[in-house]
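Reader: Could you walk me through this one with a few questions and answers? I would like to see how each answer is reached.

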Amino acid sequence: MSEEMRQAGHGDAERHHHHSHATTSHHPGGHHLLTVEHLSVSFSMYDTQAPFFSARHIEHTMISDMSISVHAGEVVAVVGASGSGKTLLADALMGLYEPNAHVEGNIWFDGVLQDATSLARLRGHGISLVPQSVTHLDPLMPVGEQVLGACPRGRAARAERARRQRRMEELFATYRLDPSVMRRYPHELSGGMLRRILIMCALMDDPKLIVADEPTPGLDLDLAVRALGDLRTFANDGGGVMLITHDLELALRVADRVAVFYEGRIVEETATASFARPDTLEHPFTRALWHALPEHDFCAVPLSGGEE
């Protein structure tokens, strides 16, 4: 554990380790559930501005010096524009690195420093991902089998499979999917139904942290609110949630804290209550997001060229 994380004595509203706290934030074991310290992600790629046959490799930075933490018992929303690179944060947390990626910084989970190999082992065994794309589902396997997941075999495993079967049936009922859907393949379902399947896959096991990467597109408002409500319940029961989204309006319904992602970095991290009015927000981009909310008449405030 880093020296910063050892110094854990603080109050709930106090700001430390690059972030503030929600009233629900707590530190079982004396550490954060997830801590990302000075994360940078860049890609080695050909210079698109150079002539084709003489182009050289350059480093293109997508995430720069990002620090963020998630406590047990809270939902942290990472909010930014679509295409801004937020999904790269989810990939980094899951240990999903492209061959041409260069990753720097530290990722701590449950007090233990991780690398790509150990993060890969945690997938589904401590950290669950709700991916952005429905293409993560296997097109050749019925969705029920994918939600059920791998089960141990043999007579001793029958009770575990039965337990998982009951849990899956509960989830299908919660998300208003007919039991017959379990036998269908992904191509037979709508986009909204597939997103519900992805959320169910993440909730099937007993993770400590859920990373939800744009979990609500394709869902009507009622189902989107219910899906986020399930993430809120998960946090209330002691888990942690990182909600990665471009939908600030929905995020404010469930999040305890909001980290605003802009041009590859976190420009502001603040309590959800700070969005009650713009003068409590520090960064121009955060204030522009506030003005663009529906209740504020979608009044977009352009950033001036010199503002950061």
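Predicted model: local features only at pLDDT ≥ 70, side-chain atom pairs only at ≥ 80, totals over all residues.

Reader: Which strands stand at the edges of the open sheet of six strands?

Author: Good place to look next. The six strands follow the order β6-β7-β8-β3-β9-β10, with mixed pairing. An edge strand here has a single partner strand, so one of its sides is left without a neighbour in the sheet. The twist from one strand to the next averages 15 degrees. The strands at the edges are β6 and β10.

Reader: Is β10 largely enclosed or left open by the rest of the structure, and how many of its residues are buried?

Author: Strand β10 spans residues 265-271, seven in number, and it is largely enclosed by the rest of the structure. Helix α9 (residues 284-291) lies across β3, β9 and β10. The number of buried residues in β10 is five.

Reader: Which residue in the turn between β9 and β10 has a positive phi?

Author: These two strands pair in the antiparallel sense over six bridges, and one of the bridge pairs is A259 with E269. They form a hairpin with two residues between them. The turn residue with a positive phi, about 50 degrees, is E263.

Reader: What span does helix α7 reach from its first C-alpha to its last?

Author: Helix α7 covers residues 221-236, which makes 16 residues. At 1.5 Å a residue, the expected value is 22 Å, and the helix comes close to that. Its buried residues include L223, L228 and F234, and what covers the buried residues includes α6 and α8. From first C-alpha to last, α7 reaches 22 Å.

Reader: Finally, with which side chain does the side chain of S42 make a polar contact?

Author: S42 is found in strand β1. Its relative accessible area is 8%, which is under the 20% cut-off, so S42 is buried. Among the residues S42 touches are H60, M62, N100 and H102. The polar contact, at 2.7 Å, is with the side chain of E59.

Methods: Residues numbered from 1 in each chain as written. Heavy atoms only, no water. Helix = DSSP H or I, 4+ residues; strand = E, 2+ residues; numbered from the N terminus. Buried < 20%, exposed > 50% of the residue type's maximum accessible area, 1.4 Å probe, protein only. Polar contact = N/O pair within 3.5 Å; in protein donor to acceptor, adjacent residues only side chain to side chain. Contact = heavy atoms within 4.5 Å. Pairing = 2+ DSSP bridges. Expected span 1.5 Å × (residues − 1). Axes fitted to C-alpha atoms, helices over the stretch in contact; angles between N-to-C directions. Lists of a residue's contacts leave out its neighbours within four places in sequence.
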